[in-house]
Amino acid sequence: MNKQLLGAHTSIAGGVYMAIERAEILGFNAIQIFTKNNNQWKAKDLADVDIEIFKMNWKNSGVEFIVTHDSYLINLCAKDPEILEKSRSAFITELERCELLGIPFLNFHPGAHGGRGEEDGIKLIAESINIAHERTKGFNVGSMLETTAGQGTNIGYTFEQLGKIIDLVDGKNRMTVCIDTAHVFAAGYDISVSENYDRMIKEFDEIIGLEKLKCLHINDSKKKLGSRVDRHEHIGDGYIGMDGFSNIMNDRRLASVPKILETPKGKDQKEDLLNLAKLKNLIKN
Ligand code: ZN
Ligand code: MN
Ligand code: MN
């Protein structure tokens with residue numbers, strides 16, 4: 001199989017362009033970043049010079065794919081109207097920051113309905129996305145829905161739910177999807193068994209379309225199949241196990257889809273290198 005796009009969520013400590021530097025040192029050709037502190041609503045505007053350095057360093061690097069993960073505070077179907085308003089405005093800011101940096105995808109969890117029900121939640125999420133797209137008309141950056149574990153009242157733990165959201169969005173060409181392996185496993189898709197893995201990919205293709213799959217979050221799961229609990233584990237140390245990741249790494253349908261680790265790590269991200277080595281060792285050609 002040809003060279004795959006592999007890497008990890010990478011820190012922007014010291015400046016957004018520092019993520020590129022770290023990726024180069026660690027040998028990643030694909031990364032995910034936050035463009036701001038992910039636990040805060042507010043962010044300083046990106047300085048022009050930071051944007052320039054980011055773009056120049058990216059161009060001169062071996063990094064071929066960058067995706068942004070939005071802030072964890074954003075909930076596009078929040079029950080509290082004030083939080084919903086804040087979320088919608090913060091989501092638009094996230095899209096604007098991606099656009100300034102030339103990042104083509106903003107990955108986000110659809111939302112947690114907080115008791116209003118899944119159907120209403122789905123409608124509200126689509127409405128939020130439509131507002132954001134309207135406000136960012138002509139932007140190249142698209143919205144990437146991430147599959148969730150379905151913890152609490154989180155929406156997005158079935159492909160049907162993601163399909164319904166996309167159905168309700170006007171600019172469908174701006175919609176893409178990211179499969180998180182730990183999330184789908186906790187949601188009940190048993191990717192550790194090759195027949196079940198295969199069925200899941202076929203289901204994804206039927207309901208959403210494989211052409212919309214633009215990223216994979218590669219995480220093992222600390223929690224059991226169907227637990228609906230979102231806890232990431234190092235590759236091979238969780239309930240998905242090496243066979244599950246072998247299914248993914250050797251799937252030609254996913255050969256060109258970037259694969260990004262979101263496993264536990266320290267400051268120097270050395271753990272990422274070990275997890276990536278395990279994944280690369282699984283590739284059979
Ligand atoms: Zn996520
Ligand atoms: Mn994820
Ligand atoms: Mn997670």
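**Pockets and the metal pair**

Q: How big is the largest pocket?
A: Its volume is about 770 Å³, counted as the space filled by probe spheres set on grid points joined across faces, edges and corners. A pocket here is an open set of points on a 1 Å grid over the protein atoms alone where a 1.4 Å probe fits, with protein on both sides within 12 Å along at least five of seven lines; lining residues have an atom within 4 Å of a point.

Q: Is this predicted or experimental, and how are things labelled?
A: It's a predicted model, where local features need pLDDT of at least 70, side-chain atom pairs need 80 or more, and totals for chains, interfaces and linings use all residues. Residues count from 1 along each chain as written, chains are lettered from A and ligands numbered from 1 as written, and side-chain values use heavy atoms, without hydrogens or water.

Q: Which residues lie closest to the centre of that largest pocket?
A: His-9, Ser-11, Ile-12, Phe-34 and Lys-36, out of 36 lining residues.

Q: And the second largest pocket, how much space is in it?
A: About 340 Å³. It has 19 lining residues, with Trp-41, Lys-42, Ala-43, Ala-90 and Thr-93 nearest its centre.

Q: Switching to metals: what coordinates the zinc ion?
A: His-69 (NE2), His-109 (NE2) and Glu-146 (OE), at 2.0 to 2.2 Å. Donors are N, O and S atoms within 2.8 Å of the metal (3.2 Å for Na, K and Ca); water isn't among the atoms, so sites may look incomplete.

Q: How far is the manganese ion from the zinc ion?
A: They're 3.4 Å apart, and Glu-146 coordinates both.

Q: Is Glu-146 buried or exposed?
A: Buried, at 0% relative accessibility, while His-109 is partly exposed at 24%. Buried means under 20% relative accessible area, exposed over 50%, partly exposed in between (1.4 Å probe, protein chains only).
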